[in-house]
Amino acid sequence: MSFAASPGNIVFPNGPAMRQPSLSWLYRLECDIDKEEINIGAPHNSGTIRSIANIVRGSVKGPGIEGDILPLGGADWATVVKGTHSMTLDARYTVRTSDNHHLYIRAHGLYRPGPGTSYAKAVEENPDMVPPATVTQDDVEFFSHLRIEAGPGPYNWLNGLVCLGVMCCEGEKIWIDAYYLTNFPGVKPEDVVAK
């Protein structure tokens, strides 16, 4: 199959041309994780380790949304592939908004050394090295797919979004900038309403 590509569009021989969706900024999350992560180990010597990082505090701030992560309200139950510094993220947490509503956020994602980076080369030379305390977008692929459940009320519009988290960390501090995919940039999402 042959196709011709142009910025933001891919043209296939059959069917309509599709636009590249836009990303609209939703919020920035800042959180602190417990210094003592729980490593359960690799069952049956499989090489995949469960690592649990409890979230001890955090906040969410963006246009139309502001709140705090509830204490003891979340953690990341990541799986780490031994010797690669690659992990699959599975975080869940509860946010109480400044006007006293609750949001449940689940994040599935990945963390791995970026291709060709000095971090990737260091892991290749020494797979048992301790991961760096600080990583930026220049060091790693660190993304998550965010699913937000808001229920009815003023945050109902969050229920219908497909969101992406872009992440970095420094010690126990993690930052996530959340964006949502849209074909209608600049237009506020509408509530999800069943008739």
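I started with Thr97, whose contacts (heavy atoms within 4.5 Å) include Glu66, Gly67, Leu103 and Tyr155, leaving aside neighbours within four places in sequence. This is a predicted model, where local features need pLDDT of at least 70, side-chain atom pairs count only at pLDDT 80 or more, and totals for chains, interfaces and linings use all residues. Residues are numbered from 1 along each chain as its sequence is written, and side-chain values use heavy atoms, with hydrogens and water left out.

I found Thr97 in strand S8 (residues 86–97); strands are DSSP runs of E, at least two residues, numbered from the N terminus. Is Thr97 buried or exposed? I noted it as buried, because its relative accessibility is 4% (buried is under 20% relative accessible area, exposed over 50%, partly exposed in between, with a 1.4 Å probe and protein chains only).

Next I looked up the aromatic pairs (ring centres of Phe, Tyr or Trp, its six-membered ring, within 6.5 Å; planes under 30 degrees apart are stacked, over 60 edge-to-face, the rest tilted). I got two of them. Tyr111 and Tyr119 sit edge-to-face, 6.5 Å centre to centre with 65° between the planes. Tyr111 and Phe142 are edge-to-face too, at 5.0 Å and 90°. I wrote down Tyr111 as buried at 7% and Tyr119 as buried at 6%. Ring pairs join Tyr111, Tyr119 and Phe142 into a cluster.

Notes: Helix = DSSP H or I, 4+ residues; strand = E, 2+ residues; numbered from the N terminus.
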